[in-house]
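Here is a short briefing on one chain.

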Amino acid sequence: MTTDVIYKVLWVDDQNLDETNNLTDFYEGWQLKAGNHNIELVPFDNWEEAEYSLKKDFDEYSAIIIDANCKIHKNDTEQEEFITAVLPSLTNIFGEKRRVLPWYLLSAGTMSNFGKIVNGARYQHSKHEEDWGNMLYLKDADEKSKEYPSKLFENIERVAKDQAMNVVLYRHYDTFCYLGQDKLIDARARKLMLRMLSALYYPEDNIKYEYAGNPLRKVLEYLFWTARKYGLLPEECIEEEKGKKRIAVQLASLFMAGVDVKYKKEGKDG
């Protein structure tokens with residue numbers, strides 16, 4: 001069993017998707033390079049959709065890569081002001097989440113005002129540069145250059161290993177490998193577990209976290225729904241309230257523990 005954590009990185013570049021919204025050879029080539037560092041590049045070709053994903057799944061991402069000349073909205077053309085529009089948005093998101101993700105520029109560097117835009121971005125990046133490493137990487141840079149793209153992936157892997165979220169994923173790999181989209185147990189259970197354990201291990205990074213709504217019970221319910229889906233939990237452990245079905249948690253817990261249980265149905269003991 002491997003315990004390698006896959007680091008998800010949000011990547012915004014207009015060459016990632018073609019006109020029919022399919023992944024391009026350009027993306028596949030860069031993903032091949034990133035994969036050598038346990039990185040999954042999550043591709044977007046515009047900031048509007050990338051921003052939505054970042055807000056919704058913030059805790060899933062380890063870093064952000066943006067192109068210098070990209071689209072803000074889906075049907076836009078590439079804009080040289082792209083970075084200056086994106087950086088304030090990132091600042092707002094980091095403020096709302098009370099956590100900062102490493103971000104980097106990966107560009108061809110052919111824009112007429114490229115140097116000016118990069119200098120403006122570097123001002124915001126400089127306070128983190130000692131930890132995150134170099135901000136700018138050029139797609140066609142020489143292998144010996146500090147802007148060589150492979151060094152970008154090395155940096156992301158190095159920084160991501162120390163992020164609270166990824167430490168939790170590493171330590172509890174045997175649990176999280178079954179939680180998430182297209183996995184055995186609902187992705188919502190993964191988010192709940194990740195937040196709870198991150199707050200437990202690193203309370204200083206999760207000051208605003210509140211153990212409200214009994215998230216552990218919700219995770220247990222997702223587990224029981226999975227058991228029901230695969231025929232491991234009988235229908236008698238499902239009850240209906242106000243027209244909605246829900247897990248009878250106590251009954252389901254006893255049944256899954258192998259205890260002989262009784263249930264009531266239509267006024268009769270069963």
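Asn21 sits in the loop that joins strand E1 (7-12) to helix H1 (25-35). Helices (H or I, at least four residues) and strands (E, at least two) are DSSP runs, numbered from the N terminus. The model is predicted: local features need pLDDT of at least 70, side-chain atom pairs count only at pLDDT 80 or more, and totals for chains, interfaces and linings use all residues. Residues are numbered from 1 along each chain as its sequence is written, and side-chain values use heavy atoms, with hydrogens and water left out.

- Asn21 is not a glycine, yet has a positive phi of about 70°.
- Most residues other than glycine have a negative phi.
- Asn21 is partly exposed, at 45% relative accessible area. Buried means under 20% relative accessible area, exposed over 50%, and partly exposed in between (1.4 Å probe, protein chains only).
- Asn214 also is not a glycine and has a positive phi, of about 50°.
- The loop between helix H9 (187-201) and H10 holds Asn214.
- With a relative accessible area of 36%, Asn214 is partly exposed.

**The chain as a whole**

- The chain has 11 helices and 9 strands.
- Its C-alpha trace spans about 80 × 40 × 35 Å along the principal axes.
- Buried residues make up 43% of the 270 in the chain.
- Contact means heavy atoms within 4.5 Å. Among contacts with a separation of 6 or more, 60% join residues 24 or more positions apart.

- Tyr27 lies in helix H1. Its relative accessibility is 6%, so Tyr27 counts as buried.
- Leaving out residues up to four places away in sequence, Tyr27 touches Trp11, Asn16, Leu41 and Pro43.
- Tyr27 and Ser107 are 80 residues apart along the chain, and their C-alpha atoms are separated by 14 Å.
- Pro149 belongs to helix H6 (residues 149-160). Pro149 is buried, with 6% relative accessible area.
- Beyond its neighbours within four places in sequence, Pro149 contacts Trp30, Leu106, Tyr137, Leu138, Lys139 and Ala141.
- Pro149 and Tyr52 are 97 residues apart in sequence, and 26 Å apart from C-alpha to C-alpha.

- Helix H2 (residues 47-56) packs with helix H3 (residues 82-97) at an angle of about 10°, and their axes are 11 Å apart. Axes are lines fitted to C-alpha atoms, for helices over the stretch in contact, and angles run from 0 to 180 degrees between N-to-C directions.
- H2 and H3 are therefore roughly parallel. Angles under 35 degrees count as roughly parallel, over 145 as roughly antiparallel, 65 to 115 as roughly perpendicular and the rest as oblique.
- The crossing of H2 past H3 is right-handed. A crossing is right-handed if the near helix is turned clockwise from the far one by less than a right angle, and left-handed if anticlockwise.
- H2 contributes Trp47, Glu51, Leu54 and Lys55 to the contact, and H3 contributes Phe82, Val86, Ser89, Leu90, Ile93 and Lys97.
- These residues divide into 6 nonpolar, 1 polar and 3 charged. Ala, Val, Leu, Ile, Met, Phe, Trp, Tyr, Cys and Pro count as nonpolar, Asp, Glu, Lys and Arg as charged, and the others, Gly among them, as polar.
- The axes of H3 and helix H4 (residues 114-125) come within 10 Å and cross at roughly 10°. H3 and H4 are therefore roughly parallel.
- That contact joins Ile83, Leu87 and Thr91 of H3 to Ile117, Ala121 and Gln124 of H4. By class, the contact of H3 with H4 has 4 nonpolar and 2 polar residues, and no charged ones.

**Helices H10 and H11**

- The axes of helix H10 (residues 215-229) and helix H11 (residues 249-256) cross at roughly 60° and come within 11 Å. H10 is therefore oblique to H11.
- H10 passes H11 with a left-handed crossing.
- From H10, the contact uses Arg217, Leu220, Glu221, Phe224 and Ala227; from H11, Val249, Ala252, Ser253 and Met256.
- The contact of H10 with H11 comprises 6 nonpolar, 1 polar and 2 charged residues.
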